Amino acid sequence: MDLSSINPVLLVASIMISATPILLAAIGEMVVEKSGVLNLGVEGMMITGAVVGFAAAVGTSSPEVGFVAAAVAGAALSLVFALLTQVFLSNQVATGLGLTLAGLGLSSLLGKPYEGMKSPTLPKLDIPVLSDLPVVGRMLFSHDMMVYLSMVLVLAVWAFLKFTRAGLILKAVGESHESAHALGYKVVRIRVAAIVFGGACAGLGGAYISLVRVPQWTEGMTAGAGWIALAIVVFASWRAGRVMIGAYLFGGVTVLQLNLQAAGAKVPVALLSASPYLVTIIVLVIISARGAHAAPASLGRSFHATR
Amino acid sequence: MGDTLLSLKGLTKAYPGVVANDDVSFDIRPGEIHALLGENGAGKSTLVKMIYGLVKPDQGQMTLKGAPYTPAEPRAARAAGVAMVFQHFSLFDALTVAENVALGMENPPKPRDLARQIRDVSEAYGLPLEPGRVVGTLSAGERQRVEIIRCLLQNPRLLIMDEPTSVLTPQEVDILFQTLRQLRAEGTSILYISHKLEEIRALCDTATILRLGKKVATCTPADTTARELAEMMVGASFNTPEPKPRDKGAVLLQVEGLSLAAPGNFGTPLRDISFQVHAGEILGIGGVAGNGQDELLAALSGERRSMAQSVWLAETAVGAMGPVKRRALGLLCAPEERLGHAAAPDLSLTENAFLTAAKRQDLTKRGLIRWGEARNFADKIIKAFDVRTPSAATAARALSGGNLQKFVIGREILQRPRVLVVNQPTWGVDAAAAAAIRQALLDLAASGAAIVVISQDLDELMEVSDRFGALNEGRLSVIHPVETLTLDQIGLMMGGAHDMEVAHAHA
Amino acid sequence: MIRLEKRPQPSKAWIWSAPIVAVLLTMIVGGLMFMALGSDPFEAIRTIFWDPMFHPQFAAYSRPQLLVKAGPLILIAIGLSIGFRAGIWNIGAEGQYIIGAVCGAAAGLAFYPSDSIWIFPLMVLCGILGGWVWAMIPALLKVKFGTNEILVSLMLVYVAQNVLNSVASGLLRNPEGMGFPGSRNFKQWDAAHNSELLMNTGMHWGVVAAFIAVLGAYVLMSQHILGFQIRLSGEAPRAARFAGVNPSRIIVFCLGLAGALAGAAGLFEATGPAGQITTTFNAGYGFTAIIVAFLGRLHPVGILLAGLLMALTYIGGELAQLMLGLPGASIQLFQGMLLFFLLAVDVFTNYRLALTGKETV
């Protein structure tokens, strides 16, 4: 095989691009889980965001409008989840699965007319001075707006959870909804807000795939990215900084295996294509074997105020 | 009305099927400790939840300092100067003391100022507490301090305390009472909820007694005997258990050097526990909640296994066996948590009878369940232990606490155990049911079984047990015959004899 | 104000009427969706729910399809439901289904063109084993390390799909297939063909297996101590440990059974209706079966009915595509909606609506 065909500058740059959608979805889901809710519908919200974002971008010739529309679509779908789990007290696992299945159906229905089309994509945002640096400039500082936005989002979530009162309340609700309720906090409202935030983030992540990374619409194009985002939250032990590390790690594996395939490595193609999923499993095993998960104590439990 | 802080008039609250509070009226004066006395289910909790804004009354009014008081939510109550320490703490295990305190305040100061304030207040009231500690690592007594300090930082005019001493050692109770008296001296009123008569007589200025949702009387506890208070609280007389003369037989249960690591992050490890129980004898094990009671029960039931030689049932080493084998040999248990541990909430009583009785009552045949037999056994328990339920097909969660507890204890007793271990057999159970359960335990001992009663209710332990030991941080104290013990001694045993919080308090 | 109030025990009436209400609600909202797509809602609903059985022209073709489609759905859903009852969330049935089919087909093709009567039983056995092994991966990881079985089983679907892509164009490719991906066609090899047992009924061995699974699951869950332990583990894990149930055993059993049944379903499908191993022979049954399991209240008889209903919507969806030009994906959404409505209506099994005064929650 010919490893010299792999350009390290392009490699790092493409790792950032392939990590961004997972990062967006994962940081959103982390906030949801911090509030004590397990939404397994990330994949469904991502793919819906992907198709809605694509359609809106094509329709308006503006990728920015596409991203906004995708965030709204993801949030709208997550509201269904919020309604079912927070008001109708349905099982979160089943509802999340249902959301994924419905999202996949909805997206292929909406996406039919858009197959094979091209969309406008986001312009590169060259950061002044930094992007002119040799090597590092093109590697790190010559990306589109969403790459930076995703990083800002991680930072914002980190600061929100660490320094703000609202962040403390969110953690408290996820830790013990009975106690939070007894102190007079509106458990359901806080959780719905977190769920909607997570939905919007997943929508953005999906749109990044269809508008920047590919950029095209094909059925089922998220290909498990939403599930990997869920795994990354576990991997990160519910910490924002580690979510970023996790997303870039998986972005790296994905890009590397594509590069190896292109370079004609003497490894079965099936194994290379499956490697992001296999790596996810291996990482999950390592994390769980180490114990000490730090999962929010009320994660996945329904809350119903009884008096 | 000048010397009334909070006045309740005709408060009524009904839930489907029960009237929790029926036309309750009384006044709380500034700077008094006012007891709210009643049995479990008398309506104490509902009443304080109305005062704290968690529940809205159907009828009646409240006035605070002469002005109408209608808190829509706890936040409003706190703003009006009403604070509450819950019986089941509203704390967050994974967060620090300071974060927990901040969550209970309307406008918490900056973290650094808050930490200082916590230290100041905790020193001023003799309740030492480190703001940076994670709450999950604190003892029950320390956790209560977090709750109290959270309230005190808001300078409440009325502090509500719901069964505060149920998790404390006698020495810790003394510290708490000092704190409460200090608060009273400073002009804070305290609404003190309890069913412990002696406490109320020692601490409170006034007592209001509730029975079945209605106010029975308001009186001065110092001028009333404990017996009179008890009669007002319970209303009807009930059988107090009678010990029967029992013959002590051979050793049936022997625990030798039992040590087990803590289960999970916030559990208690068991450290080198040893004791023996003879046939016909009841061993009482006391201790403050969270000192290894659950862990000890799990180690005896077989839910957690130890070295084979750590637990002996008569001549058999059972430490390494699982629950099924131990049960087959005659070692039966009834854990504290009725719903979810001793019984599955959504399964019927028949299914719950099958849960532990499958083998001893021969309820299976080649793996297939003999549902008819299981149902008969469930009916037998219901009849023998007077379990009030529509039928054996009813889900466990539909039963009241007392009835389910009778069912759980009955299920084990009717299997004729050689050794029975029970944890908190009468917790949250009405007095009549509690008396029935204690009597059943005494009868079982009289018939030659060895019994271990783990409980946080000292009165109960003194009543039923022959010998007494206490758990402290997973260690078992030396065991003494009950007749020889004084309350002080018991307190020292529960406090672990060496490191005592008393030292801090008196210093 | 209206609020929910917990029932002292689950309502028997709602347990059975909730799915019916959910189906009706789905018909109404689905009809509105079809209207938005430009079709007559009544015609669309009739095409989906009525015509597959009774249309004068198409029913003769579509009626047998009912069992063909319901067979694998029921077989997989029965396996899943037992795990779901125990709180074990195997959502990777699609992967177990694919690997079962691949293993079974490989075992058979190794003996091509033998006409021994043992070929087909051998393939079934290997299909079961393949699915079982694939499900053992999340099971053992959960038992050994406490790894989340939801994520692992789902990741393994993507791995299985890659394995399928690889073998369909490599190891198992038909040497006489002129280089096209896909295995030999089992319909042209009697010893390995899972043929229709009764003419024009759609009945094949997979359907027979599904009926046996329904019966077996019913006995297991209602009469056998293992079934009781499975339910107990799901309802109250602590009570299960107190009763002496070994959680590891339950995990291995539930995942193993689900994998074995899904693997068998895959093999029956590949050797029967699909006819060969191709990169797309799996029609997403492994995921739809999750809906079937919930729609059937995780109860064997319920799953039987739900499987038939879901099969009907598949066939009806195809008819609607053909006759009304409705997009194929709309039926997928329709199925998702059905699950959502069921989950929403389900609240009334354990809660009832209560009218209260000015109560705040």
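Predicted model: local features only at pLDDT ≥ 70, side-chain atom pairs only at ≥ 80, totals over all residues.
Local features need pLDDT of at least 70 and side-chain atom pairs count only at pLDDT 80 or more, while totals for chains, interfaces and linings use all residues. Residues are numbered from 1 along each chain as its sequence is written, and chains are lettered from A and ligands numbered from 1 in the order in which they are written.

Let's begin with chain B. Its domain assignment, which is automatic or comes from a database, gives domain 1 (6-234) and domain 2 (279-305 + 319-506). Taken over C-alpha atoms, the centres of the two domains are 30 Å apart.

Chain B also holds an open sheet of six strands with mixed pairing, in the order β6-β7-β8-β3-β9-β10. Strands here are DSSP E runs of at least two residues, helices are H or I runs of at least four, and both are numbered from the N terminus; two strands pair if DSSP finds at least two bridges between them. At the edges sit β6 (82-85) and β10 (214-219) of chain B, each pairing on one side only. From one strand to the next, the twist averages 20°.

Look inside that sheet: β7 (residues 158-162) and β8 (residues 189-194) of chain B run parallel and are joined by five bridges. B:L159 stands opposite B:I190 in β8(B). Helix α6 (residues 170-185) of chain B lies across β3 (33-37), β7 and β8 of chain B, at about 145° to β8(B). Angles like this run from 0 to 180 degrees between N-to-C directions, with axes as lines fitted to C-alpha atoms, for helices over the stretch in contact.

Now for B:W312, which is in strand β14 (residues 311-313) of chain B. B:W312 counts as partly exposed because it has 19 C-beta neighbours inside 10 Å; buried takes 20 or more other C-beta atoms within 10 Å, exposed 12 or fewer, and partly exposed is in between, with C-beta atoms placed from the backbone. Leaving aside neighbours within four places in sequence, B:W312 is in contact with B:Q254, B:A317 and B:V318, contact being C-beta atoms, placed from the backbone, within 7 Å.

Finally, chain C. The 19 residues of helix α8 (residues 205-223) of chain C should span 27 Å at 1.5 Å a residue, and its end C-alpha atoms, 26 Å apart, agree with that. The expected span is 1.5 Å times one less than the number of residues. Among the buried residues of α8(C) are C:W205, C:V214 and C:M221. Their cover includes α4 (59-85), α9 (225-235), α11 (247-271) and α13 (300-324) of chain C.

Methods:
Contact = placed C-beta atoms within 7 Å.
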